[in-house]
Amino acid sequence: MENKRCFPNRFSDYKGSLVLGQGSDLGAPIVIRTIDSILQQLPAQGGQEGGLYGGLAGVAYMLYHASQCPVFSSHKDTYLRRAVSIIESCVLYYDREQDRETRASFLLGGAGVYAAAAMIYKAAGQDFKKPLDTFRELCDVCQPLGFLECGSDELFVGRSGYLCAALVLKQKLGIEVLKPDQIRSICHAILESGKQYSRKKRKPFPLMYSYYGTEYLGAAHGLSSVLQMLLSYQDYLQPADKDLVWQSVDFLVNQEQNCNWPPELGEVIERENELVHWCHGAPGIAYLFAKAYLLSKKPCYLDTCIRCGELTWQKGLLKKGPGICHGVAGSAYVFLLLYRLTGNSKYIYRAQRFAEFLSSEEFRDGSCTLESIYSLYEGLSGTVCFLVDLLQPKQAEFPLFSVFV
């Protein structure tokens with residue numbers, strides 16, 4: 001039976017040597033051409049809505065990311081100038097946004113845009129205090145326990161996303177943007193929310209969450225990214241709360257079904273129709289277990305990551321497009337993660353093969369048409385980030401989703 005979600009992986013696996021001709025000589029021109037193509041297709045007006053996920057802010061972040069790679073040093077100033085001009089229009093858009101909850105959203109609203117603006121302005125040698133101050137002020141919006149009716153704790157719009165943005169800012173700017181009491185307050189709200197929900201619904205996890213009534217497990221809206229953020233800030237947690245987080249991580253390990261996780265708690269995976277995406281499934285949940293391994297050094301978490309990688313090699317050539325949310329580049333980022341965790345060149349080879357597939361006729365003819373070619377998460381801007389990171393695998397990291405801080 002033909003798999004509806006992925007192309008068959010016809011590549012032979014690693015035999016001890018990397019793919020020839022995929023170094024910066026060949027890779028850099030592809031990146032430059034793709035960036036030029038994206039910039040030519042930007043809307044003349046509009047596009048500021050949609051935040052980092054689907055709006056123009058994601059293009060600005062992609063240009064910033066490319067500008068920071070030494071391979072593109074001759075394009076650095078051009079890319080940063082364009083990034084500044086794009087992010088300025090997005091900042092103005094969210095400055096006018098009346099809904100405070102939308103302004104506080106990481107991937108779909110203002111918080112992510114202000115964070116990106118601070119990084120871009122700093123890289124361009126401009127004053128970045130104003131967007132950073134605005135970002136900090138949004139902390140007050142996130143603190144009330146039920147500040148979002150749909151679910152206050154997930155990554156895209158909730159508290160975990162706000163913490164994630166602060167983590168990226170710490171990494172890129174070299175400063176802790178939030179005060180310790182602000183971080184503790186957000187973490188406490190996430191923990192209290194998860195405890196209350198778990199007790200009320202009698203869940204097997206000590207911490208559980210829902211988004212629009214669904215108990216997601218994956219990175220996009222689910223438990224794994226919430227736990228990943230709590231682990232990233234575990235030094236701010238009380239010992240008893242830290243134990244609850246690690247218990248929840250181990251409960252999530254036990255939800256594995258043949259190297260994958262269902263999109264929601266209690267679901268049984270249909271093998272021929274399973275989701276192997278960053279947003280739902282092993283390619284996104286792997287980042288939680290990577291963080292758990294980096295903190296605990298327990299081999300069981302690394303072994304789980306490796307199983308995620310094996311499934312992604314089999315089923316990660318996705319038909320939904322080239323993007324990082326549910327596309328081929330998002331799958332390939334798992335290999336770059338595993339390379340950083342293990343140093344095994346097999347994973348660079350696998351990432352190279354997925355990059356090769358992105359320019360194949362089979363992929364062009366058989367993948368879904370992109371609604372937004374420039375989207376960071378669904379379109380080509382995220383793909384560019386992956387292709388840039390393939391040229392610098394020792395620094396590679398899924399965009400805006402750091403596990404190495």
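This report describes the nonpolar core and the packing of several helices in a predicted model.

The largest nonpolar core holds 152 residues, and the members that touch the most others are Phe 135, Trp 278 and Phe 386. Helix H15 (residues 328-342) supplies the largest share of this core, with 11 residues. Around Trp 278, once its neighbours within four places in sequence are left aside, the contacts include Leu 155, Phe 156, Ala 219 and Ala 220, as well as Tyr 287, Ile 324, Cys 325, Tyr 377, Phe 398 and Phe 401. Pro 283 and Gly 284 are also in contact with Trp 278.

Helix H14 (residues 299-315) has 17 residues, which at 1.5 Å a residue should span 24 Å, and this agrees with its end C-alpha atoms, which are 24 Å apart. Among the buried residues of H14 are Tyr 301, Leu 302, Cys 305, Cys 308, Leu 311 and Trp 313, together with Thr 304, Thr 312 and Lys 315. The buried residues of H14 pack against helix H12 (239-253), helix H13 (282-296), H15 and helix H16 (346-358).

H15 and H16 also pack against each other, at an angle of about 165° and with their axes 8 Å apart. Because of that angle, which is over 145 degrees, H15 counts as roughly antiparallel to H16. The crossing in which H15 passes H16 is left-handed, and the residues that make the contact are listed by helix below.

| Helix | Residues in the H15 and H16 contact |
|---|---|
| H15 | Val 328, Ser 331, Ala 332, Phe 335, Leu 336, Leu 338, Tyr 339, Thr 342 |
| H16 | Tyr 347, Ile 348, Arg 350, Ala 351, Phe 354, Leu 358 |

Definitions and conventions
Residues are numbered from 1 along each chain as its sequence is written. This is a predicted model: local features need pLDDT of at least 70, side-chain atom pairs count only at pLDDT 80 or more; totals for chains, interfaces and linings use all residues. Side-chain values use heavy atoms; hydrogens and water are left out. A nonpolar core is a set of buried Ala, Val, Leu, Ile, Met, Phe, Trp, Tyr and Cys residues joined through side-chain atoms within 4.5 Å. Buried means under 20% relative accessible area, exposed over 50%, partly exposed in between (1.4 Å probe, protein chains only). Helices (H or I, at least four residues) and strands (E, at least two) are DSSP runs, numbered from the N terminus. Contact means heavy atoms within 4.5 Å. The expected span of a helix is 1.5 Å times one less than its number of residues. Axes are lines fitted to C-alpha atoms, for helices over the stretch in contact, and angles run from 0 to 180 degrees between N-to-C directions. Angles under 35 degrees count as roughly parallel, over 145 as roughly antiparallel, 65 to 115 as roughly perpendicular and the rest as oblique. A crossing is left-handed if the near helix is turned anticlockwise from the far one by less than a right angle, and right-handed if clockwise.
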